[in-house]
Amino acid sequence: MKATVLVRPKQGILDPQGQAVESSLRQLGFSVDGARIGRVVDLEVDAADAATARTQVEQMCEQLLANPLIESYEIELAEPPA
Amino acid sequence: MTSPQPRVGVLRFPGACDDRDALWALSALDAEAVFVWHTETELPDLDAVVLPGGFSYGDYLRCGAIARFAPAMEAVVEYANAGGFVLGICNGFQILCEAGLLPGVLRRNESLTFVCRDVPLVVERTDTPFTVRCEEGQTLTIPVKHGEGNWYVDDDGHAELEARRQVVLRYAEPVNGSRNDVAGVVNERGNVMGLMPHPEHAVDPLLGSADGALMLSSLVESARARFVATV
């Protein structure tokens, strides 16, 4: 089962990379605000059903993929085509 | 009669680069310094452990995030929980934070640039195994070289940490955006320390400063006392 994990800097955490990108976008003439940079992790999870896969990916996030002190995460599961 | 030599282990992770300097500095300061490979599941008989600087596992994902799961790190966590002295330098500090042995996390420098220069540091505590040879309020000059030394902990965590006096070293000037200019912290028990500056690069006046030797010889002295006590 395909899973996508989005890891983001938590709200209120300073994100200097986001700020740098935002200022570059402004220099290019775009009117933008609040740029934040995170990361995407695509995974193929070997699990019997979506619930099991989600539990596994949550454990991955807590243990390794995100640092809960500064990052939040979201998990998206792609259902296999019927 | 020569004083007994304590044995200090220097962990080697793939991507480390300051392991040899740490080994050399500790040997020069009269310790028997030995390498410990990251795949070891048990530590040899050691009186202290040093996690050196570098870019373990290429700093992939987050710095220190992969190294914390190295087999040798399980042994280090056990060693620390048993009261053993553990010093993490730069990447070693990042690993100790990721492993939960030290509070906080090291983030990208606020400037987004790599910082590589000698920095002044104020010693705030001398009752730790890592600073017994320093004086309180003393300013040490020790180099930093890192892209991710911006130490962060949330408001509550920070207040607790300052109240418990877990900050051992503070930058005398802003260096990387680190919260309250924290350069080095200890755990609550005081046997595990992490710092971003590199004392192993400052053990001889020829290198610009010998102030780092005050810290590493503090560790060697503490390790020796521990060694003597257990013989």
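Helices (H or I, at least four residues) and strands (E, at least two) are DSSP runs, numbered from the N terminus. Axes are lines fitted to C-alpha atoms, for helices over the stretch in contact, and angles run from 0 to 180 degrees between N-to-C directions. Contact means heavy atoms within 4.5 Å.

Chain B holds an open sheet of nine strands in the order S2-S1-S3-S4-S11-S10-S9-S6-S7, with mixed pairing. Strands S2 (32-37) and S7 (139-146) of chain B stand at the edges and have a single partner strand each, so one side of each is left without a neighbour in the sheet. Neighbouring strands are turned by 25° against each other on average, direction ignored. Two strands count as paired if DSSP finds at least two bridges between them. Strand S6 (residues 115-123) of chain B runs antiparallel to strand S9 (residues 167-171) of chain B, joined by three bridges. B:Val122 has B:Arg170 in S9(B) as its bridge partner. S6(B) also pairs with S7(B), in the antiparallel sense, over eight bridges. B:Leu121 stands opposite B:Leu140 in S7(B) and opposite B:Tyr171 in S9(B).

Chain A contains an open sheet of three strands, ordered S2-S1-S3, with antiparallel pairing. Its edge strands are S2 (39-44) and S3 (71-78) of chain A, each pairing on one side only. The twist averages 20° from one strand to the next. Six bridges link strand S1 (residues 2-9) of chain A to S2(A) in the antiparallel sense. A:Lys2 stands opposite A:Glu44 in S2(A). Helix H2 (residues 50-65) of chain A lies across S1, S2 and S3 of chain A and runs at about 155° to S3(A).

At the interface, 14 residues of chain B are in contact with 14 residues of chain A. The two chains bury about 1300 Å² between them, 64% of it on carbon and sulfur atoms. Buried area is the accessible area (1.4 Å probe) that two parts lose on being put together, summed over both. B:Leu61, B:Arg62 and B:Arg107 supply 41% of the area that chain B buries against chain A, more than any other three residues. Five residue pairs are in polar contact between chain B and chain A (both at pLDDT 80 or more). A polar contact is a pair of N or O atoms within 3.5 Å; within protein, one must be able to donate a hydrogen and the other to accept it, and residues adjacent in sequence count only if both atoms are side-chain atoms.

One salt bridge is found across this interface. The term denotes a side-chain nitrogen of Lys or Arg within 4 Å of a carboxyl oxygen of Asp or Glu. The side chains of B:Arg62 and A:Glu71 meet in a salt bridge (3.7 Å, N to O). A:Glu71 also forms a salt bridge with A:Arg39, the closest N and O atoms being 3.4 Å apart. A:Arg39 lies in strand S2 of chain A and A:Glu71 in strand S3 of chain A, so the pair ties together parts that are 32 residues apart in sequence. Over all chains the count comes to 19 salt bridges.

The mean pLDDT (the predictor's confidence in each residue, from 0 to 100) of chain B is 95, and 98% of its residues reach 70 or more. The complex has an ipTM of 0.81 and a pTM of 0.92 from the predictor. Residues are numbered from 1 along each chain as its sequence is written, with chains lettered from A and ligands numbered from 1 in the order in which they are written. In this predicted model local features need pLDDT of at least 70, side-chain atom pairs count only at pLDDT 80 or more, and totals for chains, interfaces and linings use all residues, while side-chain values use heavy atoms, with hydrogens and water left out.
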